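Then we turn to the pockets.

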Amino acid sequence: MRDDPTVIALVTRARKGDQGAWDEIVERYAPLLWSICCRYRLSRADSDDVAQTVWLRLVENLRKLNDSAALAGWLAVTTQRECLRVVRAVRKQEGAEKPFGVDMTTGEDEAAMIERELERAERLAMLRAAFAQLPSPCRELLSLLMQDRPPPYSEISARLRMPVGGIGPNRARCLAKLRRSPYLNGYVESDGDA
């Protein structure tokens, strides 16, 4: 997905000042930034600072990005460097030998970690895109069922005006539609359900 035409189009639009493109870039890659910050065990405040700095650097450097499709990699590397800067600052401030139990990885480990984070971010972006393409009733039903604490079927039935006995079959049909999404080609196998 490194040559994802969606990413290339987003970068092109963002370079022209399209606010919608910027919003999509942030929505698409914010989980990547957060996952890297979590890996460095940064506090919420430090993670917020890192994310803000990375987005600012992207604004400053987007026009200099030679390969638009490399956006995710640029964001991952920039986030990692910013996390290291924060960790070192905290370490210096606290005089600690090794902050937060962070394992200072080698260049090879960093590359592998960044690759894993990029793959995860790409999978999540594709899942969000596929989910957005579902019909509204499917999005509503799956959103209710995927909550940390899903409401009881009786409540879902009342909210969606759907018989309780229809929730399970509708969920199955919605998940089948989600699996068939072209965005998820290569990520999941279609089960052929209608």
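By the rule used here (a disulfide is a pair of cysteine sulfur atoms within 2.5 Å), the count comes to 1 disulfide. This is a predicted model, where local features need pLDDT of at least 70, side-chain atom pairs count only at pLDDT 80 or more, and totals for chains, interfaces and linings use all residues. Residues are numbered from 1 along each chain as its sequence is written, and side-chain values use heavy atoms, with hydrogens and water left out.

The disulfide joins C138 to C174, with an S to S distance of 2.2 Å. C138 sits in helix α6 (residues 136–145) and C174 in helix α8 (residues 164–179), so the bond ties together parts 36 residues apart in sequence. Helices here are DSSP runs of H or I, at least four residues, numbered from the N terminus. The torsion about the S-S bond of C138 and C174 is about -80°, so the disulfide is left-handed. C138 is buried, at 5% relative accessible area. C174 is buried too, at 4%. Buried means under 20% relative accessible area, exposed over 50%, and partly exposed in between (1.4 Å probe, protein chains only).

What of C38? C38 is in no disulfide. Its nearest cysteine sulfur belongs to C37, 7.1 Å away. C38 is exposed, at 58% relative accessibility. C83 is buried, at 0%. How far is the sulfur of C83 from the closest cysteine sulfur? The distance to C37 is 3.8 Å, too far for a bond.

Now the pockets. On a 1 Å grid over the protein atoms alone, a pocket is an open set of points where a 1.4 Å probe fits, with protein on both sides within 12 Å along at least five of seven lines; lining residues have an atom within 4 Å of a point. Grid points are joined across faces, edges and corners, and a volume is the space filled by probe spheres set on the points.

The largest pocket has a volume of about 300 Å³. Its lining has 13 residues, and E24, R28, A125, R128 and A129 lie nearest the centre. Helices α1 (5–15), α2 (19–39) and α5 (107–133) each give two or more residues to this lining. The largest share, 7 residues, comes from α5.

The second largest pocket holds about 240 Å³. Its lining includes P31, L124, R128, F131, L142 and L175. Here α5, α6 and α8 each give two or more residues, and α5 gives the most, with 4.
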